[in-house]
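Q: Can you walk me through reading a sheet and a ligand site? Let's start with the sheet.

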Amino acid sequence: MDMDSIVSLCKRRGFLFQSSEIYGGLQGFWDYGPLGVELKRNVKDAWWRDMVSGHDDMSTLAGAPSPYAMEGLDCTIIMHPQIWKCSGHYDLFHDYMVDCRETKKRYRHDQVNGRWVEAKGKKVFVTAPASDEEQEVMTKRALKFFGLRNKNIDDLKWDGDVVCLTTIEDFGEVLGPDAKEKGTLTEPREFNLMFKTFVGALSGEEGAAYLRPETAQGIFVNFKNVLDSTRHRLPLGIAQIGKSFRNEITPRNFTFRSREFEQMEIEFFCHPDESHKWYQFWRDRRLKWYHDLGVSSDNLIMREHSPEEAAHYSTGTADIEYAFPFMAEGEYGELEGIAHRGNFDLRSHMEGKLDEKSDTLEVQLGDDGKPKWKGSGKDLSYRDDLSGEKYIPHVIEPSAGADRAVLAFLCEAYEVDEQPDEKGKMQKREVMKFHPRLAPIKAAVFPLVKKDGMPEVAKEIYLTLKKDFKVFYDEKGSVGKRYRRQDEAGTPYCITVDGQTSEDQTVTIRDRDTLAQDRVKIDELASIIRNRIES
Ligand code: GAP
């Protein structure tokens with residue numbers, strides 16, 4: 001897989017465009033084009049149907065400790081600022097950044113690597129953004145810094161291994177990743193990732209509010225509303241799909257790290273004694289979802305966090321990771337996290353901000369002497385009407401990124417092969433082998449030629465199918481070229497009206513992956529396509 005080819009196909013065929021492109025673009029923001037918007041909608045619809053609306057709440061699913069209920073929610077992006085204080089985002093949701101005084105560029109402290117190098121009696125810590133090509137970049141930069149030519153490469157005396165900028169204390173001898181002079185980087189500073197805005201006419205801190213950095217908190221603060229309005233008993237999962245915003249210091253790798261993105265999150269509320277079984281269940285169920293939609297197991301891993309990596313209140317966290325083509329060999333990027341969050345979030349919204357390390361209430365007094373991070377004071381515990389037991393539910397959180405899932409499905413689908421054209425000459429074919437459920441266009445309809453009544457019949461088929469599926473009509477160019485265009489769009493089926501159609505009311509249906517062409521009755525097209533998509 002070659003990322004540049006995927007990015008170029010995405011732009012050329014209208015999957016993804018850089019946001020505000022005609023004004024030079026805005027880093028970390030992406031627009032979905034006509035094909036992209038269908039693909040993303042299909043990913044979100046598949047998730048919603050498989051996890052929420054189509055969920056079988058009458059049976060015990062394989063691996064589940066018991067039947068369970070699922071409900072959905074759609075909360076606002078801007079919520080009461082106290083929510084972010086109690087959730088910990090106000091205090092803890094930050095990265096460290098360094099600025100370059102020379103280039104005015106900003107870097108995440110932990111994403112810059114470097115190595116000490118000596119030449120001409122001077123020593124400098126030469127840096128580069130962390131990547132698998134960093135040594136190559138550093139060598140070029142070191143040669144330039146010391147005014148050496150390529151043939152003098154042996155004059156560079158490297159000292160020690162490549163290390164992260166976080167290990168360096170004095171920045172005086174550091175050559176910043178894009179700087180010409182050394183010593184231009186500032187000391188690392190904390191940078192909160194939440195976008196701040198102001199609600200109403202109040203412009204000061206009184207009106208300050210934040211764009212949500214995750215959809216999860218909207219679910220926690222509505223837990224009681226959903227429970228009371230649906231009268232479900234636990235276990236209950238509440239799902240939400242929606243935009244989240246993070247002012248990432250270094251957005252990169254196409255849509256992988258964006259500043260505006262969509263999440264698909266479930267908060268699953270259950271009895272504390274059952275929570276470990278549910279954690280295992282959700283890990284397996286979420287991994288299977290990606291497999292069922294065509295992501296090969298070679299490219300997908302489940303990585304359990306070490307105890308040091310996981311939050312103290314979490315007794316289990318695992319990431320589902322994908323081998324994105326922009327990652328170094330053997331490395332994977334996070335698609336989704338599945339976390340056992342205990343009762344931390346519900347307790348925080350009841351009592352106030354809990355200390356991340358000790359799980360005790362952290363009381364900080366404001367200037368007015370009142371606790372700064374006051375909780376809602378509402379009782380968010382659950383009383384089981386059969387056993388009479390009252391407890392604060394434990395939560396399992398499968399939290400997926402819709403844009404990262406789309407990116408993984410794009411990368412997984414991309415293939416290049418060779419197919420014969422109409423004259424039998426082998427031609428390179430770029431094909432997006434999406435699972436038919438996810439494919440932006442389900443079928444394309446062509447008249448073989450633009451005469452003999454074929455366009456009229458093809459248009460009628462197109463208009464009939466359009467009521468049920470996203471379909472595309474094309475009569476331009478040779479049929480071979482029309483197939484290629486649909487292969488690039490990932491359309492699984494191409495229907496061709498030909499000379500035989502007027503005789504027996506049949507058409508051919510060509511499969512994108514096997515290239516097999518079956519002759520089928522026009523009346524049966526809709527059910528054939530439906531069956532193939534669902535199988
Ligand atoms: N409520 C838990 C939570 O938000 P997270 O690991 O920070 O956890 C969950 O985010 C998922 O959201 C990630 O696994 C990823 O798929 C997606 N995500 C997070 N930050 C993102 C970003 N800057 N751009 C695109 N997707 C992002």
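A: Strands (E, at least two residues) and helices (H or I, at least four) are DSSP runs, numbered from the N terminus, and two strands pair if DSSP finds at least two bridges between them. The model is predicted, so local features need pLDDT of at least 70 and side-chain atom pairs 80 or more, while totals for chains, interfaces and linings use all residues. Residues count from 1 along each chain as its sequence is written, and side-chain values use heavy atoms, leaving out hydrogens and water.

Q: In what order do the 4 strands of the open sheet come?

A: Strands of a sheet pair through backbone hydrogen bonds, parallel or antiparallel. Here the order is E8-E6-E7-E9, with mixed pairing. The edge strands, E8 (157-164) and E9 (174-175), each pair on one side only.

Q: How many bridges join E7 to E9?

A: E7 (residues 122-129) and E9 run parallel, joined by 2 bridges. Val174 in E9 is the bridge partner of Phe125.

Q: Which strand gives the most to the shell around the ligand?

A: That's E17, with 4 residues. Strand E17 covers 333-342.
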